[in-house]
Amino acid sequence: MKKIVALALAAVLSLSLAGCGDVLVDLDTPKSEELTAQYDFYPDSMNTIRAEMQITPEQADEVFIALVSCGLDGKISTVSESGGAYKVRWGANSLEVTMNDDGTVAEIGDGKDVLYPEYKQYNFLLDCDVKTEDVKSGSGDVIGQRAYISVLKSQLSDLTAENFAEFAETAVKDSGYNYFTIKCDDGTGIVFDGSDVTVPVYGTLDDDGRVSDTAGFIKQGADGAYTYEQAE
């Protein structure tokens, strides 16, 4: 009789947990003891990861470790799936996790920036609206077109060299414009002459989007990387 009652209680408990969306999590993994000692939010977070992502305890450990490396510092409150990616939320923070078919982490993102497996800043320059204007000769004849985008100086200051190179190759090279300007809100900017991306010039811009006072040169090396050289 006692055995029957015990089994009945276990069944009720199981149904109750299932009804609440919770699962019993196996924390007995090769890394669970160490992770529990390091992070007091590990057990509860693992519960949520396992329940929503439906992966093994060992795979969940690797997801947790990857999330911690990207800034996770508190108990995960929710994990929701949309479009093949999982939105992981804790406190006022969130990260997007994309998984491989084998249950390993493919990528972790914060907005449009990639944080894992290696940091990659999203190239906002590629989202900028390219505007064009006619270029006229001294007599008023149209002799071509110039292109420009407008950005905040603070945005340009945070731009990585890799993103600058990507923009030069994608938007400027072989574009056919007489010149291409990255125009900042403080009156400065970067100008590429023609489709040449090897030595763009930085300085104060005139009303036509050309550099009127040169501050420096952004030179492209043989490997495609750019370095800044101040004008004398």
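How many bridges pair strand 4 (residues 105-110) with strand 5, and in which sense? Strand 4 and strand 5 pair over 3 bridges, in the antiparallel sense.

## Basis of the model

This is a predicted model: local features need pLDDT of at least 70, side-chain atom pairs count only at pLDDT 80 or more, and totals for chains, interfaces and linings use all residues. Residues are numbered from 1 along each chain as its sequence is written, and side-chain values use heavy atoms, with hydrogens and water left out.

I108 stands opposite Y116 in strand 5.

Two strands count as paired if DSSP finds at least two bridges between them. Strands (E, at least two residues) and helices (H or I, at least four) are DSSP runs, numbered from the N terminus.

## Helices on the sheet

Contact means heavy atoms within 4.5 Å.

## Two nonpolar cores

The largest nonpolar core has 25 residues. I49, M53, F64, L67 and V97 touch the most other members. Helix 3, helix 4 and strands 2, 3 and 4 each supply at least two residues. Helix 4 gives the most, with 6. Leaving aside residues up to four places away in sequence, M53 touches V63, V79, Y86, V97 and M99.

Another core, of 22 residues, lies apart. Among its members are A165, I190, Y202 and I218. A nonpolar core is a set of buried Ala, Val, Leu, Ile, Met, Phe, Trp, Tyr and Cys residues joined through side-chain atoms within 4.5 Å. Buried means under 20% relative accessible area (1.4 Å probe, protein chains only).

## Strand 10 and its partners

In strand 10 (residues 201-205), 4 of the 5 residues are buried, so this strand is largely enclosed by the rest of the structure. Strand 9 (residues 188-193) runs antiparallel to strand 10, joined by 4 bridges. G189 stands opposite G203 in strand 10.

Strand 11 (residues 211-220) is also antiparallel to strand 10, with 5 bridges. V201 has F217 as its bridge partner in strand 11. Strands 10 and 11 form a hairpin with 5 residues between them. In the turn, G209 has a positive phi of about 80 degrees.

Conventions:
Buried means under 20% relative accessible area, exposed over 50%, partly exposed in between (1.4 Å probe, protein chains only).
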